[in-house]
Amino acid sequence: MEFSSKLLERAVNEMAQLPGIGKRTALRLVLHLLKQPKEQTEQLTSALLKMREEIKFCKKCHNISDVEICEICLNPSRDASVICVVEDIRDVMALENTAMFKGLYHVLGGKISPIDGVGPSQLNINSLVEKVKAGDVKEIIFALSSTMEGDTTNFYIYKQIKDYEVITSTIARGIAVGDELEYADEVTLGRSLMQRIPFENSLRNM
């Protein structure tokens, strides 16, 4: 792709680094920005910079938040004894859209994947185990995607907490094997959550 401007080329190259954005789409977006009033581009830039500099991760659940403790964890109507374990914040958003879960979340920040160099120490697993050890958690719901990495992560956490007084369950396989949670529709995801099964039962299929 030939560019008549180095400034345009640099902007397109930076835009193309975003997930799902190829060079042609990046060029279309950059040219769109050029057609807009300068103030609109400045507002976009300001919003991105402010987000990058000021956004926080909840100290309790590791979800993205504007403050130290996120709104979900601070909500007194949520059941703090039930924790749904998810891979990242997109899964929290997907589950919240179902409006069926009234417990709290724990965001791991990824899945165990030796091939990608991701081990348990790179994830927010220790803080989850500490919550269980404190004795206030009655149930842990594993809601990771049904991939080999997701199942490996579920099993690793299960081994860490199985000796404590806590129920472990996993969402029902209404989600196709290999699918990511964020792409499931709200009805299917909600039913999978409500029809969750004891985690021990899922071990038979591993």
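Over which residues does pLDDT stay under 50? In this predicted model, local features need pLDDT of at least 70 and side-chain atom pairs count only at pLDDT 80 or more, while totals for chains, interfaces and linings use all residues. Residues are numbered from 1 along each chain as its sequence is written, and side-chain values use heavy atoms, with hydrogens and water left out.

**View 1. Confidence along the chain.** The pLDDT, which is the predictor's confidence in each residue from 0 to 100, has a mean of 88 for the protein chain, and 84% of the residues reach 70 or more. Residues 175-179 are the stretch where pLDDT stays under 50, and the model has eleven contacts for them beyond four places in sequence, a contact being heavy atoms within 4.5 Å.

View 2. Rings of Phe, Tyr and Trp (its six-membered ring) pair if their centres lie within 6.5 Å, and planes under 30 degrees apart count as stacked, over 60 as edge-to-face and the rest as tilted. By this rule there are two aromatic pairs. One of them joins Phe 155 and Tyr 158, a stacked pair at 6.4 Å centre to centre with 25° between the planes. Both residues belong to helix α7 (residues 148-161), three residues apart, or about one turn of the helix; helices (H or I, at least four residues) are DSSP runs numbered from the N terminus. Phe 155 is partly exposed at 31% relative accessible area, whereas Tyr 158 is buried at 11%, where buried means under 20%, exposed over 50% and partly exposed in between (1.4 Å probe, protein chains only).

Terms used
Helix = DSSP H or I, 4+ residues; strand = E, 2+ residues; numbered from the N terminus.
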